[in-house]
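Please look over the model shown here.

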Amino acid sequence: MSFFRRYAQNIGALIGLAILAVVVFVALAAPILYPGSPWQGVAEPLLPPFEDPAYPLGTDLLGRDIAAGIAYGARVSLLIGIISTAVAVVIGVAIGALAGFYGGRVDDMLMRFTEFFQTIPAFAMAVVLVAIFSPNITSITLAIAVVSWPPVARLVRGEFLSLRSREFVQAAVVVGQTGPRIMATQILPNAISPIIVTASLMVATAILTESSLSFLGLGDRNMMSWGFMIGAARTMLREAWWLSVFPGLAILITVLAINLIGEGLNDAMNPHLRGRKG
Amino acid sequence: MNATTPLLQVENLSIELPAGLDRKYAVENLSYTLNAGEILCVVGESGSGKSMTANAIMGLLPSYLKPSSGRILLKGRDLLAMSEAELARERGRTVSMIFQEPLSALNPLMTVGDQIAEVMLVHGEGDAASREQRVLELLDYVGLPDPASLRHSYPFRLSGGQRQRVMIAMALALEPAMLIADEPTTALDVTTQAQILDLIRRIQRAKGMGVLFITHDFGVVADIADKVVVMEKGLVVEQGTADEVLNRPKHPYTRRLIAAVPHPDENATRADADGDVLLEVRGLRKTYRSGGGLFTRPRIVKAVDDVSFTLRRGETLGVVGESGSGKSTLGRCILKLTDVDGGQILYRGKDIVPLSQAAFRPLRRHLQMVFQDPFASLNPRQTIGRILTDGPVANGMPLAEAEKKARELLSLVGLDPSAYDRYPHEFSGGQRQRVGIARALALDPELLVADESVSALDVSVQAQVLDLLQDLQKKLNIAVIFITHDLRVAAEVCDKIAVMYRGAIVEFGPPGEVFNAPRHAYTQQLIAAIPGRHWNPRAAVA
Amino acid sequence: MKKSSRLIAGLVGLAGLTFAAAAGAQEKPTSGGTLNMIAQPEPPTLMVGLNTQGPTLYVGGQIYQGLLSYGKDLSLQPSLAKAWEVSEDGLTYTFTLQEGVKWHDGKPFTVDDVIFTADKFLREAHPRWRYIVNTYVESITSPSPDKVVFKLKRPFSAFLYAFELSSFPVVPKHIYDGTDYRTNPANNTPIGTGPFKLKEWKRGSYIHLVKNEDYWKPGLPRIDELYFRIIPDAASRAVAFEKGTVDVLRGGDVEGFEVRRLSKLDGVQTTTDGWEMYSPLAFIEWNLRRPPFNNKLARKAIMHAIDRDFIVRNIWFGLGKTAVSPFASTTRFFTDDVVKYPFDMAKAKELLAQSGIKPQEHTIRVMPIPYGAQWDRTAEYVKQQLEQLGFKAELVSIDAGGWSKAVSDWDFDLTFNYTYQYGDPALGVARHYLSSNIIKGTPFANNEGYENPVVDELFLKAASAVDEAEAKAAYAEAQKIITDDMPLGLLFEQRNVTIWRDKVKELVRTGIGVNESMDETWIAQ
Amino acid sequence: MKTLEFLIQRLVKAVIVVLGVVILNFLLIQLAPGDPASVLAGEAGAGDEQFIAQLRAQFGLDQPVYVQLWSYLQNILSGDLGYSYRNQVPVAQLIMERLPATLLLTGSAFIFSLILGVVLGVLAAYKRGSFGDSLIMTGALIFYATPLFWVALMAVLVFSIHLDLLPPFDMETIGANYTGWARVVDIAHHLVLPTVTLGLFFTAVYTRLTRASMLEVMNLDFVKTARAKGVPKGRIIRRHVLRNAILPVFTFASVQAGQLVGGAVLTETVFAWPGIGRLMFDALMQRDYPVLLGVFLVTAIVVVLVNLVTDLLYRFVDPRIETAR
């Protein structure tokens, strides 16, 4: 069975994909749907939702449109989620690959280094990094990346460690391929599916982390992000629930969708969990 | 049960496969009979459906497989009609089962004593004290040493043969009328296999059990079977008494299988190779260390212990040994896939031991390897073409030329040129092993190390690949080091045989000599343990 | 829509009103009980002489006392000094001390403690006092055991306003003399003269004060125990009050909209009184060294582009008043006769055009002061209005440390700040405008870099004036010039609301509000 | 003897890891813009150059970085974590005052989430494909995707404000001066909401993990053996599957134990829980670096110890470990 058919068999994964498609569409179309800055006050402040059709999700303290904020927030959340994950995956794959392939002392040193990062609670570390380098989209993205790579490194190390003793890798050594080439062309392509699955879940975690950072007041002040919207409105939860409920739902749904996709990918890429032939 | 009721009757059993596979039934219209006191061997190659019947009897089929028709009568009662709870009462009491891989078949977190006692516990037999007593009896009965302390051991502490004995003890706990043995010796070394087969036969005789024995090895069949069922692709192609099927096979498939069983041609003599000395190994040593710390000494295993031999161009050296004998390590040392602790490996007079990996890389093309597992040795993410051209390209050959050569090689090893753009998973095991051979040959090597290169293959495929190897070797005049656990195979294809035991070569000589006049006690033991030694398959199909 | 306009109306109404405990005044005070309050954020120390942050004063104010206190009308009131006298020439100030005052450790409070505090401790440890004492004071002496005399080098009309708790907390000489004040372990076990003593400080949880049985006012204090809770989250603080876990909310403990909600609860009293001494006034601090803020017309343009009424109404929930002058309208020398900046985008654009500034060529880094969500919203609003004028603007996130450093080092384009008035412009306001105060190292100096010799002269003249009318004239002139120059973009006067359960009586009694010793405060049983 | 040796080896490794963490954090903090002295000076109401210089000298900030690092390392090796810049109290004292609260919170959240997660995971695996399974897994997925602080806010809103069942914050009733058993009950009462909110996310994690692990073990050969022996399904799940499936869950949980402290930063903020998570955040915001470093040091030690204890337990639970190493 092909990968896509296996994926399509998982209803949850399809729903996840559909939701994510909507989120991505909204993110891409935000400037068309809501021309102008989401920061601009456009209507009466604290307009409740569902009252004015022009502002279906209401407005905030400064009369800014919540719907516009959510559309633009999708851009930021996805951007931070994807880029931080990409950076974390690059770091994690590099360190994990070197440790797993070369083993011995290289492995010891790199894994000890990884342990340093794992011993510090990830969220606390992210808070410190963002605070120290002052909160902006770059520092937030990098901070999330810096705290997320160790699990990738461990995963990749494990994969490389087991794959490097596999016969096709030995065969590549025997025919005279060099180490870096073997890592890139023989091992990595075979380790990619768990990495993709992990990465998809990391995107979800990164979005959550960004929102938590924003909650503590460590968001980028120039970017309308969901976390920022909640952070700014959370104290008004009882006065103006819509300010934080809608972005909260946006996070929940997006993270849920990405998790569903991750699970779908996992099932589709590891068909051994289903029945085997023979 | 009256005397005429067979112990087990399988009648017209069909098990449907899920849609979309290459055939509709896992087994189709299967019928056979097992009487008390008989050993019935079900023999076939992988995918023949031979294990499926065993699982169907035990009600252990995976959830996506359901018997679609037929009956399985155990002492006259249809197992397929029983509820899960009823079935659970029969399992372990009337019919027991032992499996191929004894390590994974035992719960790693339970002592072996507890696992044996559990059979009695769940069937409500005896009290704690009597069960304990019975465990000790059983452990002793299956020939395990020191039952009193062994029952507190965890499975990982036991050797493969001991684990299988524990499995057997567990199966015997309630003295069932029937034992199903699903390839119980396949994962074991040949000497251990002989002991386990011996044990099963002894118990079966003593208890008068009916044994359903599933195997792929005709040698094993020859050793223990009373009756034989031969299966191919879910169908029974032939059944009868052991004598009929082994010595007078009628069905062409059976004949083909029997013809392919490796059997040393004891009278064949080979001309001594007189080519140049290609490889000379002198006093090679390799030790593995494990564990060890501040207070404990590391465990040291001498994997290769002072091994020396000479290999000439065009010559085939068989290295034979059981697991842990160091035979594979030897191969890896020669190819510098692992470090060496001492000694020399002279390739055309040049010692390659002190060379760095980078310095050795240009020489690699002369020394190639064919691996054991046709599934693991090909990168599943690369096309066959890519697999075959990687080596030449890494050695500086232009891509176009490498491609041309790869296509030539495909036809040389008997594959269709269209294979070039396909992926490994589209091929069978035998075809993949041909690709593996082609990959090794792509670099025009002078020496080929074949490490258990045919042991993962079905016997008929194994024969074909062996033929191919021999054929190519003659054609290309390359030297081969043929590493195998199977003395029969080695004897069939090698010019010289080295028997390894605990890292050292204990016997060295031409196959005839080794076979007919083994000097070392271990060699003698090894030869004695060859399954089906007294049966001549060549004669059966002559 | 309707709902939110009502909300705003309600808030505006609230701001001006005072629900003082008029009825409570007639009840007979009872003794005993526990008062629960919030210390937010948790103070670093309770030693008021070393730290003058809000929560330090709030808690420390129950332990330490100043020489004087000030009424809601800023009239002088006795504290540790029972009487005071100023010579005709305005150069000699004599204070008579209370009798029978003891420190919490039982040692008697003497005139030596006051002299030590003024001459040694605060001179070294208290930047604001250091400036005053080094600039104006010639000598501090004690003619008799109950009197302290300050002799000034030249007249300083604001001098008597420098003796309240935050400027002049009296510290015990017998504990601090000859030690390193900052590292003295006694800082963790503060010894003062106030009505309450520190019993336990469970960091991150609460500060527990108990009644000082030897308090020098007979029969006081009335309350047995004070708890200052540490509740880091603003929403949780509102819940705490709502649930009755705490009885008092100080201004700033909860966000503006919570003030509105909580003040409507049954049995809850509120007031904006008690901040007269401080009267915080918020402003935009722009760096006059950098374009476009070095251009006066551009500054005026921006002032017209900012709807300060909107800020007060929508962001601060009506808890404030649009600023007219650099002086708070509650203080003595305030005048309305100044240059004014009504919200007028057209005028703003016109002024900007006249100024010659091309807004699109300037990227303004807007740095909010990291003191809570309302400041963030204010910054977002100002950014938005700057963009309306055509400027490029970006918000810079910064924490308290970074902000303090950036402002102290003049490394900013535009930020926000506020000043306490301290009863007299010479103490609270002048420091932001005097060219002599263009100093690095503190965010509360002339960090914008304003230099106007005329203003310098007027402030100096007013501060040295012995005659109040003379001072008034000079200050009126200064206010006019400053509002024309707009070296700081005046925003609004903050109105802080104190909220309490009405079982608490006599809570806000003076111009320093809840920082005042709560000796007469009582709890209805 | 072997266990002792293992312990010593692991302790040496643990010390190296903790020192590494300290050095890493120390260097990280050097990169921070903003000087603690000027922050403190600003906080004190006002400050001037002289005052700041005085503070810098007092904190040793006028020394080169490597000198500061060296003296810091020397100090912590002799058990001295330094003084808080802001509070002028020994860091060790500040942390020790706060640590029990965090250990209590994270410990109970850990136990809560582990037990609930394992139970739910086992149920889901046992009833695989049923409605119950779907319900559990959907719940797990939702809690896995919901921001922690959001759950916390909602929990306060519902359980404290509307239902008035549980106290919304603090660790105990302040001023009540309970002692003995009454105090335990009081603390337990306050512990419920923070524990549940902090634990829910991890419950979701462990539920998913347990279920996956159970299903994987159910596919292993020895389960087939057990069935072939006639062991009933319930007993197979209990005696054979669960015991093998739970080991990876424990391993993961012990590695994750440190993450709870990260989550505690948020939980402690919302619930005014006087723990070190909040201390860390405040110290960070106030540039109180000795406290920040101290918290990280103590956290690292706790994490390393938890891992060590898990490894030791493992050696008793899983007989294979000793020789596998």
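How many residues of chain D are in contact with chain B, and with how many residues there? The answer is 24 residues of chain D against 29 residues of chain B. Contact here puts the two C-beta atoms, placed from the backbone, within 7 Å.

This is a predicted model; local features need pLDDT of at least 70, side-chain atom pairs count only at pLDDT 80 or more, and totals for chains, interfaces and linings use all residues. Residues are numbered from 1 along each chain as its sequence is written, while chains are lettered from A and ligands numbered from 1 in the order in which they are written.

**Chain D against chain B**
- On the chain D side, helices H1 (2-30), H9 (221-229) and H10 (233-271) each give two or more residues. Helices (H or I, at least four residues) and strands (E, at least two) are DSSP runs, numbered from the N terminus.
- H9(D) supplies the largest share, seven residues.
- By class, this side of chain D has eleven charged, eight nonpolar and five polar residues. Nonpolar covers Ala, Val, Leu, Ile, Met, Phe, Trp, Tyr, Cys and Pro; charged covers Asp, Glu, Lys and Arg; the others, Gly among them, are polar.

**Chain B overall**
- Chain B contains 20 helices and 20 strands.
- Its C-alpha trace spans about 75 × 60 × 45 Å along the principal axes.
- Of the 542 residues in chain B, 49% are buried (20 or more other C-beta atoms within 10 Å of the residue's own, with C-beta atoms placed from the backbone).
- Among contacts in chain B with a separation of 6 or more, 70% join residues 24 or more positions apart.

**Domains of chain D**
- Chain D is divided into domain 1 (16-77) and domain 2 (103-317). These bounds come from an automatic or database domain assignment.
- The C-alpha centres of the two domains of chain D lie 36 Å apart.
- Eleven residues of domain 1 are in contact with ten of domain 2.
- On the domain 1 side, H1 and helix H2 (36-43) of chain D each give two or more residues. H1(D) gives the largest share, seven residues.
- That domain 1 side has nine nonpolar, two polar and no charged residues.

**Annotation on chain A**
- An unreviewed UniProt entry places "domain: ABC transmembrane type-1" at residues 74-262 of chain A. UniProt positions use the numbering here, feature names are shortened, and annotations may be inferred rather than shown by experiment.
- Over residues 74-262, chain A is 84% helix and 0% strand, with end C-alpha atoms 19 Å apart.

Terms used. Buried ≥ 20, exposed ≤ 12 C-beta atoms within 10 Å, placed from the backbone.
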